[in-house]
Amino acid sequence: MSQTTQSNLPPTTAVKPPRLGRLPFWLVGIAIVAAVASWLPLVLIARGRVVHSNEPAVMFMQDMYAQPKYREQQATELFKDGRAMRPRVEGTVPHGMLDDDDHYFRGWTATVSNGKTEVSFFDKFPPRVNVTDALLKRGQERFGIYCAACHGLDGYGNGPVNARAKELKQGTWTPPSSLHDATVRGRSVGHIYNTISVGIRNMPAYGGQIPAADRWAIVAYVRALQLSQNAPENLVPQDNKAH
Ligand code: HEC
């Protein structure tokens, strides 16, 4: 009887031990390999930060960062002279820099007649140069920077460079011209402009340092300076005339 009662009860479940069973060996293996592999990028980054390489960097987006090209002073077999850096082809002019306005960029023009070249200096300011107060101020400032060291602030040719050269008494010094000499006063504006651009006799060229617009400003100022020392009588206001 008791047996019948027992068999009617649901079968008792065996109490499981309170721990998971052992993981299968292959799963443990994969987990270890994955854990070790997950450190690999970090190791590679750390290595990348300390190791130097001449190879182009590995990049997902190249964006032309690494490109096959010659660096300065490198050699190439492409050209006969072996130089990768090419000299400028003679006669080429950068875009917009033809400087074909003789009046503005040279101050003189050359005409050929009967096989003879005639050079004539312009005696007027180029049309694009407006002689204004502002231009004279600019010229005065530039004159103080570039010319006064030799020619003096007053233009008489006794700037500090001349004073020092005379002190040294080396005998080889050519003194800077006085800008108030009759010869220099008689020069056309184009001639003075050309003197600044390419130099004259012992005076060096300043064309490489002073842009054309500033050279014209200096010329205008030199004219004003000359006038200040040799003004014709009719330009002197009545009040200022010595009686
Ligand atoms: C390094 C010194 C020096 C500087 C700077 C200098 N000059 Fe001269 N300049 C000379 C000398 C020297 C002469 C005379 C050259 C000779 O006779 O051999 C001269 C001559 C001249 C003449 C007379 C040229 C002629 O027609 O006979 C003018 C004009 C002139 N300079 C203008 C300038 C102007 C403008 C500047 C500034 C942009 C300037 N110079 C900067 C040294 C200088």
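Author: A definition comes first: Ala, Val, Leu, Ile, Met, Phe, Trp, Tyr, Cys and Pro count as nonpolar, Asp, Glu, Lys and Arg as charged, and the others, Gly among them, as polar. By that division, the lining of the largest pocket has 18 nonpolar, 7 polar and 3 charged residues. Note also that this is a predicted model.

Reader: What makes a residue part of the lining of the largest pocket, and which lie nearest its centre?

Author: A lining residue has an atom within 4 Å of a grid point of the pocket. For the largest pocket, 28 residues line it, and His151, Ser177, Thr195, Ile200 and Met203 lie nearest its centre. The space in this pocket is about 670 Å³.

Reader: Which helices supply at least two residues of that lining?

Author: They are H5 (133–146), H6 (148–151), H8 (182–185), H9 (189–198) and H10 (212–229). Helix H9 gives the most, with 4 residues.

Reader: How do you know that the ligand sits in the largest pocket?

Author: The test is that more than half of a molecule's atoms lie within 2 Å of the pocket's grid points. The ligand is assigned to the largest pocket, so by this test more than half of its atoms lie that close to the points. In the shell around the ligand, H6 and H9 are the elements that give two or more residues. Helix H9 gives the most to this shell, with 3 residues.

Reader: Which residues are closest to the ligand, and how many surround it?

Author: The ligand is surrounded by 21 residues, and the closest are Cys147, Cys150, His151, Arg187 and Met203. By class, this shell has 13 nonpolar, 6 polar and 2 charged residues.

Reader: Why are some of these called polar contacts?

Author: A polar contact is a pair of N or O atoms within 3.5 Å. A polar side-chain atom of histidine 151 is 2.7 Å from a nitrogen atom of the ligand. For arginine 187, an N or O atom in the side chain lies 2.6 Å from an oxygen atom of the ligand. Arginine 201 has a polar side-chain atom 3.0 Å from an oxygen atom of the ligand. Each distance is within the cut-off, so each pair counts as a polar contact.

Reader: What lines the second largest pocket?

Author: Its lining consists of Arg47, Gly48, Val51, His52, Ser53, Glu55, Pro56, Ala57 and Val58. They divide into 4 nonpolar, 3 polar and 2 charged. The volume is about 300 Å³.

Reader: How many helices and strands are there, and why is the chain called spread out?

Author: The protein chain has 10 helices and 2 strands. Its radius of gyration is 43 Å, whereas the globule rule gives 18 Å for 243 residues. The value is well over the rule, so the chain is more spread out than a compact globule.

How values were computed:
Residues are numbered from 1 along each chain as its sequence is written. This is a predicted model: local features need pLDDT of at least 70, side-chain atom pairs count only at pLDDT 80 or more; totals for chains, interfaces and linings use all residues. Side-chain values use heavy atoms; hydrogens and water are left out. On a 1 Å grid over the protein atoms alone, a cavity is a set of points where a 1.4 Å probe fits but cannot get out, and a pocket is an open set with protein on both sides within 12 Å along at least five of seven lines; lining residues have an atom within 4 Å of a point. Grid points are joined across faces, edges and corners, and a volume is the space filled by probe spheres set on the points. A residue is near a molecule or strand if one of its heavy atoms lies within 4 Å of it. A polar contact is a pair of N or O atoms within 3.5 Å; within protein, one must be able to donate a hydrogen and the other to accept it, and residues adjacent in sequence count only if both atoms are side-chain atoms. The radius of gyration is taken over C-alpha atoms; the globule rule is 2.2 Å times the number of residues to the power 0.38.
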